[in-house]
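Please find below a short note for a colleague who is new to this structure. The points concern a helix, its packing partners and the loops that follow.

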Amino acid sequence: MPKKFLPQEDQIQELFRSLAFLGFHQMADQDLEKDFQRLGLEEPRFQEGREIRFSYTNNHYECLVLTTILSSFNNAAISDAAWVIVRTRDKKVFTSPRLHRTKYFVLRVIAWAEIGKALCDYRPLCPECNGYMDIEKGKQYREYFWEHAHRDGNQKMKLFEPLYQNLSLLAQSFYERYQMQLRSYQKKLQAKGLEAGRAAKARRLWNIQRPENVK
Ligand SMILES: [Zn+2]
């Protein structure tokens, strides 16, 4: 296992500054509280205080960055996995890989935040009807498409087609590296005759106690 590290105060500040520079805002505790109450959310495991989250909205998509940094103790959560999520209302449409607190944690979170933001900014319009296309999962593990459903077949586009050229070199390099890791992971599993993504299926981000309130 790569060595875990706890971000220092100046690294946390660098992360927050970079997210603000990208246009994210830190979610107020009250906003988080609203989500938690409306959905009856329970944290997946005990932690001392709320995790600091950042949000960016464009084209009716919201990108959330779950930092693992806790607000109350200016400390990091026990779980070391940060996430970047894109959602529309309460429906999660895209999840980054787990962003572990290893050596390049801060850069990796910034890179994936930029990717999540780009998914909002460059959400394409359907070439057939001009409606927003949606991010849909493909059949392969962690495969995503832009899609728009029509009676006589769907319009489909590769996820990074409309936005890749607009990413910074930092985001592009983290994305390429991730694609390479994904391919070698899939090959390893295939060699063993296993299916990819079983951990992801078993994992839950939150325990929703009030599913009737999911928007
Ligand atoms: Zn359409």
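1. In this predicted model, helix H3 comprises 17 residues. From its first C-alpha to its last, H3 reaches 24 Å, close to the 24 Å expected at 1.5 Å a residue. The helix is mostly covered, with 15 of its 17 residues buried.

2. H3, which spans residues 105-121, meets helix H4, residues 169-192, with axes that come within 9 Å and cross at roughly 100°. Because angles from 65 to 115 degrees count as roughly perpendicular, H3 is described as roughly perpendicular to H4. On the H3 side, the contact is made by Leu-107, Arg-108, Ala-111, Trp-112, Glu-114 and Ile-115. H4 contributes Leu-170, Ala-171, Phe-174 and Tyr-175. By class, this contact of H3 with H4 has 8 nonpolar and 2 charged residues, and no polar ones.

3. Helix H1, residues 9-22, also packs with H3, at an angle of about 15° and with the axes 10 Å apart. That angle makes H1 roughly parallel to H3, and the crossing of the two helices is right-handed. H1 supplies Gln-11, Glu-14, Leu-15, Ser-18, Leu-19 and Leu-22 to the contact. From H3 come Val-106, Val-109, Ile-110, Ala-113, Glu-114 and Lys-117. The residues of the contact of H1 with H3 divide into 7 nonpolar, 2 polar and 3 charged.

4. Where is Tyr-132 found? Tyr-132 belongs to the loop between H3 and strand S9, the latter being residues 134-137. Tyr-132 has 14 other C-beta atoms within 10 Å and is therefore partly exposed. Leaving aside neighbours within four places in sequence, Tyr-132 is in contact with Asn-59, His-60, Arg-123 and Leu-125. Tyr-132 and Asn-59 are 73 residues apart along the chain, yet their C-alpha atoms are separated by 8.3 Å.

5. Asn-59 itself deserves a comment. The residue sits in the loop between strand S3 (51-58) and strand S4 (61-70). Asn-59 counts as partly exposed because 14 C-beta neighbours lie inside 10 Å. Most residues other than glycine have a negative phi. Asn-59, although not a glycine, has a positive phi of about 50°.

6. Is Asn-130 buried or exposed? With 8 C-beta neighbours inside 10 Å, Asn-130 counts as exposed.

Note on methods
Residues numbered from 1 in each chain as written. Predicted model: local features only at pLDDT ≥ 70, side-chain atom pairs only at ≥ 80, totals over all residues. Axes fitted to C-alpha atoms, helices over the stretch in contact; angles between N-to-C directions. Helix = DSSP H or I, 4+ residues; strand = E, 2+ residues; numbered from the N terminus. Parallel < 35°, antiparallel > 145°, perpendicular 65-115°, else oblique. Contact = placed C-beta atoms within 7 Å. Nonpolar A, V, L, I, M, F, W, Y, C, P; charged D, E, K, R; others polar. Left-handed = near helix turned anticlockwise from the far one by under 90°. Expected span 1.5 Å × (residues − 1). Buried ≥ 20, exposed ≤ 12 C-beta atoms within 10 Å, placed from the backbone.
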